[in-house]
Amino acid sequence: MKKVLIALGATLAFVAQASGSFPDKPVNIIVPFPAGGSTDTVARALALSMGEQLGKSFVVENRPGATGTIGAGAVKRAPADGYTLLVASLGPFVVTPHLVKSIPYDATKDFDYITIPVQAPNVLVASATQKARSVAEVVAALKASPGKVSFASSGNGSSDHLSAELFWQQTGTEAVHVPYKGGAPAITDLLGGQVDFSFQNVNAVLSHLRSGKLHAIAVTGTQRSPVLPDVPTLAEAGVKGAEVYSWQGMAAPKGLPADVKAKLAKAAIAAVQQPDIRKRFLDQGLEIVANTPEEFTRFQVKENERWKQLIQTRKITAD
């Protein structure tokens with residue numbers, strides 16, 4: 001019995017030591033989208049700071065494809081040891097699972113949620129050719145020409161598409177949805193006047209709003225955006241229940257050791273609170289969230305149900 005206890009004690013000591021030394025090799029952060037976008041930018045800022053805090057490299061790897069599900073599926077299949085992480089937008093976590101019938105993971109069961117570092121409201125913007133400058137005027141235009149006014153989005157099921165669907169639902173209107181393969185081409189056609197309106201991430205169109213090439217009508221947040229203080233929320237403009245945030249989240253394969261999860265969460269939260277990173281994000285129109293694993297997990301459940309209901313009610317498809 002004594003030998004058994006000694007052996008057990010040695011094993012526990014080894015496990016504690018091994019876990020306590022995390023990380024003892026580089027950590028891989030998979031971003032399921034191309035380099036250069038908002039999610040990639042957030043992931044690289046986190047990677048640099050977390051690497052400095054924890055003493056090992058955090059390496060960002062872009063694995064785009066299939067609306068983010070290829071990269072998310074790769075993380076799901078990785079060992080739950082903290083050395084493979086996922087940083088993705090809300091799409092792979094709470095939207096795509098309801099749009100695509102067969103994806104290589106179950107977002108409600110296959111991940112441990114670590115933190116949402118940032119979020120950003122969308123902003124309803126009008127092209128320079130549009131006369132509408134208020135929500136009431138947009139609604140009037142939609143009712144005057146039902147099914148003829150166009151709304152661009154970065155793709156079916158994107159947060160800007162879902163914002164439009166919520167807006168039409170809550171105002172009893174309809175419009176022509178024009179999905180693009182990404183936000184950049186949608187914004188290009190907005191600037192050119194080929195499409196009329198769009199709900200875009202604030203950070204994606206901020207420079208065009210400041211230059212006057214696009215016009216901001218309302219934001220989808222629960223409060224006004226600090227970078228657009230003169231632009232009302234949809235609720236202020238009379239459209240209730242259409243609050244939407246585009247957010248980025250960090251997750252890991254399900255089964256992450258509790259102390260490893262805590263260490264990763266602490267480092268990720270500290271990263272976005274660093275003055276230089278915080279200022280950079282805020283200047284871009286991003287808002288700091290930095291919630292705990294428990295808060296992110298609860299939030300994911302609510303978001304998942306919310307978008308499931310909207311997608312089913314509005315009969316939104318991935319095509």
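**Figure 1. His 161 is a buried residue, with a relative accessible area of 3%.** The view is taken from a predicted model. Because its relative accessible area of 3% falls under the 20% limit, His 161 counts as buried. His 161 belongs to helix H6, which spans residues 159-171. A polar atom of the His 161 side chain lies 2.9 Å from the backbone nitrogen of Gly 157. Apart from neighbours within four places in sequence, the residues in contact with His 161 are Ser 153, Gly 155, Asn 156, His 177 and Ile 316.

**Figure 2. Strand E1 pairs in the parallel sense with strand E2.** Strand E1 comprises residues 27-31, and four of these five residues are buried, so the strand is largely enclosed by the rest of the structure. Five bridges connect E1 with E2, which covers residues 58-62. Within this pairing, Val 31 is placed opposite Asn 62 of E2. Between E1 and E2 the chain passes through helix H2 (residues 38-54), forming a right-handed β-α-β crossover.

**Figure 3. Glu 61 is a partly exposed residue of strand E2.** The relative accessibility of Glu 61 is 26%; because this value lies between the limits of 20% and 50%, the residue counts as partly exposed. Not counting residues up to four places away in sequence, Glu 61 touches Asn 28, Ile 29, Ile 30 and Val 31. His 98 stands 37 residues from Glu 61 in sequence, and the C-alpha atoms of the two residues are 26 Å apart in space.

**Figure 4. Strand E3 is covered on both faces.**

**Figure 5. Strand E3 is joined to E1 and to E9.** E3 (residues 84-89) runs parallel to E1, and three bridges join the two strands. Ile 29 has Leu 85 of E3 as its bridge partner, and Ile 30 has Leu 86. E3 is also joined by four bridges to strand E9 (residues 245-253), and these two strands run antiparallel. Here Ser 89 stands opposite Gln 248 of E9.

**Figure 6. Gly 73 is a buried residue of helix H3.** The relative accessible area of Gly 73 is 0%, which means that this glycine counts as buried. When neighbours within four places in sequence are left aside, Gly 73 is in contact with Pro 104 and Tyr 105. Gly 73 and Asp 110 are 37 residues apart along the chain, and their C-alpha atoms are separated by 9.3 Å.

**Figure 7. Helices H9 and H10 cross at roughly 65°.** The axes of H9 (residues 258-273) and H10 (residues 275-283) come within 5 Å of each other. Because angles from 65 to 115 degrees count as roughly perpendicular, H9 is described as roughly perpendicular to H10. On the H9 side, the contact is made by Ala 271, Val 272 and Gln 273. On the H10 side, the contact is made by Pro 275, Ile 277, Arg 278 and Phe 281.

**Figure 8. A cis peptide bond joins Phe 22 and Pro 23.** The omega angle of this bond is about -5°. Pro 23 is located in the loop between helix H1 (2-20) and strand E1.

**Figure 9. Thr 67 and Lys 315 have positive phi values although neither is a glycine.** For Thr 67, phi is near 50°. This threonine lies in the loop between E2 and helix H3 (69-77). Its relative accessibility of 52% is over the 50% limit, so Thr 67 counts as exposed. For Lys 315, phi is about 55°. Lys 315 is located in the segment after helix H11 (293-313). With a relative accessibility of 69%, Lys 315 likewise counts as exposed.

Conventions
Residues numbered from 1 in each chain as written. Predicted model: local features only at pLDDT ≥ 70, side-chain atom pairs only at ≥ 80, totals over all residues. Heavy atoms only, no water. Buried < 20%, exposed > 50% of the residue type's maximum accessible area, 1.4 Å probe, protein only. Polar contact = N/O pair within 3.5 Å; in protein donor to acceptor, adjacent residues only side chain to side chain. Contact = heavy atoms within 4.5 Å. Pairing = 2+ DSSP bridges. Right-handed = clockwise from strand over helix to strand, strands pointing away. Axes fitted to C-alpha atoms, helices over the stretch in contact; angles between N-to-C directions. Parallel < 35°, antiparallel > 145°, perpendicular 65-115°, else oblique.
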